[in-house]
Amino acid sequence: MLGPVILAASRSDRMRRLVSAAPVTQQVVDRFIAGEDVDDVVPVIRELTGRGLELTMDVVGEDITTPAQAAAARDAYLELIDRLKPLELGTRAEMSVKLSMFGQALDGGHELALANVRPVVEAAAEIGTTVTLDAEDHTTLDSMFAIHEELRKDFPQTGCVIQAYLFRTEADARRLAANGSRVRLVKGAYKEPGSVAYLDKHEIDRAYVRILRTLMEGEGYPMIGSHDPRLIAIGQELAHRAGRKLDEYEFQMLYGIRTEEQLRLAAEGHRVRVYTAYGTDWYGYFMRRLAEKPANLRFFARSMLTK
Ligand code: FDA
């Protein structure tokens, strides 16, 4: 029951001010956010790759309100790519971007987001890596898929995310699997109405398995974005049945969540990529992590009370 309330709060400016100003917030935020700037995350990148993990880097931020903020978001990614260059990690460190941070919701936003994301994809390709477009709420997805298709004409490695909770996703998966995309499948983290999405956990899990089967049997590169032990085991089984080798799919999890499981899978020879978020505009990202697990909220509330 708490999840939808927290997700609604994730879009509230008043809550943003309250939560961000709470003195203990930072301790809890640190569990999910790898640092405030590039200087903070470079050691994290070294540490995770040193432990056999790969990364997808997210400069946190979304729902910006001016073209200047969108340009600043683009520049933050370009700075990151510049700092990644001497590390020579190639695809071991890729980027995840939210198009709303690149101006997608502004006037002329589709074109603006494409214009801002293209130089990031180009710069990533220059250092031998790639970009994945995150999936945000369902109203943004036609634009995201169109931008994905456009970018893939020049950069076929560009990935995208699909969300199992949406009714539309089975059809999206069939299309993407047939055209050989890199596709991250997740359950979905936004507050969606019952007219477009499954609301029941079990139905979402069943949809996840159906969609994953489509991706595994298709021509693309499936990226299993989940911490759910059952879905991880099913993912391994479906990959095996589809005759995929270990380098023909990967697991992805979030920084700070089920780290031992990330290391266990990597030790078994799986490719495991850690979605590593950093930056100062962490509010929306943080609130979605709280909504996914009520225990996180209890931990947060307890730290506030004991302070
Ligand atoms: P589930 O929520 O059932 O969790 C399974 C278990 O994992 C829990 O029992 C718990 O142990 C652990 N766990 C999960 N979330 C936790 C948390 N926040 N804190 C502590 N423990 C937790 N969504 C989206 O809409 N668009 C996107 O682009 C992305 N991108 C993305 C990238 C990657 C790499 C991942 C892993 C996830 C996303 N998501 C996302 C988020 C996704 O939609 C979903 O909300 C979360 O992954 C939680 O779902 P699980 O599949 O992990 O299962």
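Predicted model: local features only at pLDDT ≥ 70, side-chain atom pairs only at ≥ 80, totals over all residues.
Leaving aside neighbours within four places in sequence, which residues is Leu 106 in contact with?

**Entry 1: Leu 106**

I found two partners for the contact list, Pro 67 and Leu 112. Leu 106 sits in the loop between S2 and helix H6, residues 109-126. Glu 170 is 64 residues from Leu 106 in sequence, and their C-alpha atoms are 29 Å apart.

**Entry 2: the barrel**

Next I looked up the sheet. Eight strands form a closed barrel in the order S1-S2-S3-S4-S5-S6-S7-S8, and the pairing is parallel. On average, neighbouring strands of this sheet are turned by 30° against each other, direction ignored. Helix H5, residues 67-84, packs on the sheet. H5 touches strand S1 (54-59) and strand S2 (93-97), and its direction makes about 150° with that of S1.

**Entry 3: strand S1**

I went along S1 residue by residue. Six of its six residues are buried. Glu 54, Thr 56 and Asp 58 point one way. Leu 55, Met 57 and Val 59 point the other way.

Then I checked the partners of S1. S1 and S8 pair in the parallel sense over six bridges. Met 57 stands opposite Thr 276 in S8. With S2, S1 has three bridges, also in the parallel sense. Here Leu 55 stands opposite Ala 93.

**Entry 4: strand S7**

I turned to S7, residues 250-254. All five of its five residues are buried. Glu 250, Gln 252 and Leu 254 lie on one side, Phe 251 and Met 253 on the other. Both faces are covered.

S7 runs parallel to S8 (residues 272-278), and four bridges join the two. I picked out one of the partners: Met 253 is bridged to Val 274 in S8. Three bridges join S7 to S6, again running parallel. There I found Met 223 opposite Glu 250.

**Entry 5: the ligand shell**

How many residues surround the ligand? I read off 24, and the closest are Asp 134, Val 186, Ser 226, His 227 and Gln 252. The largest share comes from S7, with three residues. Nine residues are nonpolar, seven polar and eight charged.

**Entry 6: the nonpolar core**

The largest nonpolar core has 81 residues. The members that touch the most others are Val 97, Val 120, Leu 185, Ile 211 and Ala 277. I followed up Leu 185, not counting residues up to four places away in sequence. Its contacts are Ile 162, Ala 164, Tyr 208, Ile 211, Leu 212, Leu 215, Pro 222, Ile 224 and Gly 225.

**Entry 7: Tyr 221**

Tyr 221 is in strand S6, residues 221-225. Why does Tyr 221 count as partly exposed? I found 19 other C-beta atoms within 10 Å, and a buried residue needs 20 or more. Beyond its neighbours within four places in sequence, Tyr 221 is in contact with Arg 182, Glu 248 and Tyr 249. Gln 157 is 64 residues from Tyr 221 along the chain, and their C-alpha atoms are separated by 9.6 Å.

**Entry 8: two positive phi angles**

Last, I looked at backbone angles. Glu 88 has a positive phi of about 50° although it is not a glycine. Glu 88 lies in the loop between H5 and S2. Glu 88 counts as exposed because it has 10 C-beta neighbours inside 10 Å.

Arg 258 is another residue other than glycine with a positive phi, near 50°. Its place is in the loop between S7 and helix H11, residues 259-267. Arg 258 has 16 other C-beta atoms within 10 Å, so I noted it as partly exposed.

Note on methods:
Residues numbered from 1 in each chain as written. Pairing = 2+ DSSP bridges. Axes fitted to C-alpha atoms, helices over the stretch in contact; angles between N-to-C directions. Contact = placed C-beta atoms within 7 Å. Near = placed C-beta within 6 Å. Nonpolar A, V, L, I, M, F, W, Y, C, P; charged D, E, K, R; others polar. Core = buried A, V, L, I, M, F, W, Y, C linked by C-beta atoms within 7 Å. Buried ≥ 20, exposed ≤ 12 C-beta atoms within 10 Å, placed from the backbone.
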